[in-house]
Amino acid sequence: MGDPLHNELALVPWWTTFVLTSAYLFGSCIGSFLNVVIYRLPAGKSVVHPGSACPSCEQPIAWYDNLPVVSWFVLLGKCRHCKAPFSFRYAAIELAVGLFAAGLVYRYGLGPFALSHFVAASIMIAIAGIDHDSFLIDTRMTLALAVTGLLSQVAKAYEAGDSLWQGPLWALCAGIGAFGLLWLIGYVASSVVGEEAMGGGDAPLFAAIVILLGPASIPLVLLLTGIQGMLIWALLRHRGGVGDHDVEHEDGWAPSERHVPMGLFLVLAALEMQLGGDALTDAYLDFVARLI
Ligand SMILES: [Zn+2]
């Protein structure tokens, strides 16, 4: 997809550098905004007003102290006024979103397909951050992701010159099937362990991801989610597992060390598929073919 532009990018190095740098800078600014969304949305605060302030001394943060990635390193991760530490996560998300934007443009060229995937990635990163912090997945954000995924399928069909409704419709059906599949997995797992094994937001999130990535992504997204979830949980087990466990939901539910924010790992798998989907799918099919 986006092949003519992609070839054009490859032919003119300075233009490539300019476009990729711009994509990185744009992405890191969006990353900075996503930090605000992750921090404020669960608390029911506005994401646009007021401007950023230090959570400790409440001094407003000047624009030159709010530059993505750079400011965190210039200030060595501390507030200019009260020296309270700012989490490295802020800079890490800005850096990651910037690099992701550049990666998408490099891979798919400039166009509606890359743009829709960037919007989807932004929504997913916010979902993952909030799930990590509060073990909650906001239904409105999942819905926004599903709609973006559908638009992305239309953009894909448009760039490939295919029918504008066949692919999107097929993706929508796959999303509904994916919802049923994960719901069933959760139901069986809950019966086995004798308690709620999966959060209510996970199956809808999986459905929205499958609408975005298409039917063929179902086995790989599940596989990557499961493997990475278990691996990272095992690695962080001595530090109390994955996610912020100091939360309690309105219904009194509180996560224990065993609980993993599954949305975080669904998103991680989806982001990997967005950038490396073809290579990952080939490797997977190759692996399955060898087993048979
Ligand atoms: Zn401060």
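pLDDT is the predictor's confidence in each residue, from 0 to 100. The structure above is a predicted model, in which local features need pLDDT of at least 70 and side-chain atom pairs count only at pLDDT 80 or more, while totals for chains, interfaces and linings use all residues. Residues are numbered from 1 along each chain as its sequence is written. Over the protein the average pLDDT is 91, and 96% of the residues score at least 70. Helices (H or I, at least four residues) and strands (E, at least two) are DSSP runs, numbered from the N terminus. Where pLDDT is low, the predicted coordinates should not be read in detail.

The protein is divided into two parts, domain 1 (1-110) and domain 2 (112-292). These bounds come from an automatic or database domain assignment. The centres of the two domains, taken over C-alpha atoms, are separated by 23 Å. Domain 1 gives 19 residues to the contact between them, and domain 2 gives 19 residues; two residues are in contact if their C-beta atoms, placed from the backbone, lie within 7 Å. On the side of domain 1 that touches domain 2, helix H2 (13-40) and helix H4 (88-108) each supply at least two residues. The largest share of this side comes from H4, with 9 residues. By class, this side of domain 1 has 15 nonpolar, 3 polar and 1 charged residues. Here Ala, Val, Leu, Ile, Met, Phe, Trp, Tyr, Cys and Pro count as nonpolar, Asp, Glu, Lys and Arg as charged, and the others, Gly among them, as polar.

Most residues other than glycine have a negative phi, and most peptide bonds are trans. Histidine 49 and proline 50, however, are joined by a cis peptide bond with omega of about -5°. Proline 50 is in the loop between H2 and helix H3 (70-74). Valine 69 is also placed in the loop between H2 and H3, and its phi is positive, near 65°.

Next come the helix pairs. Helix H5 (residues 112-134) packs against helix H6 (residues 139-160) at an angle of about 160°, and their axes are 8 Å apart. Axes are lines fitted to C-alpha atoms, for helices over the stretch in contact, and angles run from 0 to 180 degrees between N-to-C directions. H5 and H6 are therefore roughly antiparallel to each other. Angles under 35 degrees count as roughly parallel, over 145 as roughly antiparallel, 65 to 115 as roughly perpendicular and the rest as oblique. The crossing of H5 and H6 is left-handed; that is the name if the near helix is turned anticlockwise from the far one by less than a right angle, and right-handed is the name if clockwise. The contact includes Pro112 and Phe113 of H5 and Met141 and Ala144 of H6. Its residues divide into 14 nonpolar, 5 polar and 2 charged.

Helix H7 (residues 166-193) and H8 pack at about 150°, with axes 8 Å apart. H7 and H8 are therefore roughly antiparallel as well, but their crossing is right-handed. Among the residues in contact are Phe179 and Trp183 of H7 and Phe206 and Ile211 of H8. This contact has 15 nonpolar, 2 polar and 1 charged residues.

Helix H9 (residues 218-235) and helix H10 (residues 262-291) pack at about 125°, with axes 8 Å apart. H9 and H10 are therefore oblique to each other. H9 passes H10 in a right-handed crossing. Residues including Leu220 and Gln228 in H9 meet residues of H10, among them Phe265 and Tyr284. The contact of H9 with H10 divides into 12 nonpolar, 4 polar and 1 charged residues.
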